[in-house]
Amino acid sequence: MGVFDKLERGLERAVKQPFARVFKAEVQPVEIASAMRGAMDDRAAVLGPGRTMVPNVFTIELAESDYERLASYEHALTDELVAAAEDHADAQRYVAPGPFEVRLVNGEELETGIFRVRPAAKDGRQGGQQRGDAREFAQAQQERDARRAAREREEAEAARAAAAERRAREPRPDEDDDAAYRRPTPERQRSRRSGPSLTIDGRHVPLTAAVTTLGRGEECTVVVDDPGASRRHAEIRISHDGPHLQVILRDLNSTNGTFLNGEQVGSEELRTGDRITLGRTHITVQLEG
């Protein structure tokens with residue numbers, strides 16, 4: 001029985017426990033493998049007919065406690081993660097500039113249960129063709145990133161233009177009419193400070209529950225109409241540590257991965273202004289009312 005088989009059963013048992021330690025749950029290898037697959041799909045660059053190249057080196061940043069636990073069988077774990085990456089590449093007919101590698105590192109600022117996957121392309125074999133493949137892959141990624149940045153700028157400009165048009169259509173109070181303007185009541189002022197929220201395609205979604213699920217399925221709290229999103233793609237959990245509000249984004253083993261500010265994440269604490277990406281859908285986080 002492999003490492004994944006044993007730990008996946010343990011993960012399933014933890015998920016079924018309604019009072020599991022949500023924010024202190026340890027990172028499981030199956031979560032890392034899922035994040036790696038998502039990173040490969042997101043970073044895939046088409047070089048030509050039948051040639052789609054993906055990163056082949058994955059650096060996994062772990063909290064100190066998770067790193068110490070997983071490093072005890074690092075060789076067996078990285079071998080299985082490499083095998084998982086190779087299987088996914090074969091299934092998707094991806095090519096890589098060299099052999100797959102997985103490296104575990106200690107991310108000192110991370111908390112238990114939170115990890116990051118940093119993919120990269122590296123020439124791992126001798127020969128001019130391999131070096132040429134890596135250069136071609138890097139160029140294709142740069143072109144793809146430039147197109148994505150241009151598309152995001154266009155979307156932001158369109159959103160600003162739409163907002164300006166809505167403001168222009170709003171009725172303005174008559175300065176001569178005393179009844180036209182009323183100072184907001186304390187109740188109205190409090191309602192504007194409604195706490196954490198999301199902005200999706202110009203739509204404001206308050207985060208009022210302790211757990212908010214996001215995905216394509218109708219059973220999710222926030223339904224994301226995007227073919228690149230899984231039925232249950234990710235979740236946002238809110239807790240209070242004294243006066244401190246803690247808002248955690250967690251990927252739910254989605255097919256294409258969950259990205260935060262352009263970086264694929266398994267679990268990460270959110271801050272105001274963060275940008276979540278599910279498929280091609282971008283979601284902005286607002287924690288302060």
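Reader: Where does aspartate 201 lie?

Author: Aspartate 201 sits in the loop between strand 7 (197-200) and strand 8 (203-206); strands (E, at least two residues) and helices (H or I, at least four) are DSSP runs, numbered from the N terminus. This is a predicted model, in which local features need pLDDT of at least 70 and side-chain atom pairs count only at pLDDT 80 or more, while totals for chains, interfaces and linings use all residues. Residues are numbered from 1 along each chain as its sequence is written, and side-chain values use heavy atoms, with hydrogens and water left out.

Reader: Is aspartate 201 buried or exposed?

Author: Aspartate 201 counts as exposed, at 70% relative accessibility. Exposed means over 50% relative accessible area, buried under 20%, and partly exposed in between (1.4 Å probe, protein chains only).

Reader: What is its phi?

Author: Aspartate 201 has a positive phi of about 50 degrees, although it is not a glycine. Most residues other than glycine have a negative phi.

Reader: And what about asparagine 253: which phi does it have, and where does it lie?

Author: Asparagine 253 is not a glycine either, yet has a positive phi of about 55 degrees. It lies in the loop between strand 12 and strand 13 (258-260) and is partly exposed, with a relative accessible area of 45%.

Reader: Turning to cavities, how many does a search of the whole structure find?

Author: The search finds two cavities of 30 Å³ or more. A cavity is a set of points, on a 1 Å grid over the protein atoms alone, where a 1.4 Å probe fits but cannot get out.

Reader: Which residues line the second largest cavity?

Author: The lining consists of Glu31, Ala35, Phe115, Arg250, Asp251, Asn253 and Gly266; lining residues have an atom within 4 Å of a point. Helix 2 (29-43) and strand 12 (244-251) are the elements that give two or more residues to this lining. The volume of the second largest cavity is about 40 Å³, where a volume is the space filled by probe spheres set on the points.

Reader: A change of topic: what does the side chain of threonine 277 join in a polar contact?

Author: The side chain of threonine 277 is joined to that of histidine 282 by a polar contact of 3.1 Å. Such a contact is a pair of N or O atoms within 3.5 Å; within protein, one must be able to donate a hydrogen and the other to accept it, and residues adjacent in sequence count only if both atoms are side-chain atoms.

Reader: Is threonine 277 buried or exposed?

Author: Threonine 277 is buried, because its relative accessible area is 14%. This residue lies in strand 16 (residues 275-278).

Methods:
On a 1 Å grid over the protein atoms alone, a cavity is a set of points where a 1.4 Å probe fits but cannot get out, and a pocket is an open set with protein on both sides within 12 Å along at least five of seven lines; lining residues have an atom within 4 Å of a point.
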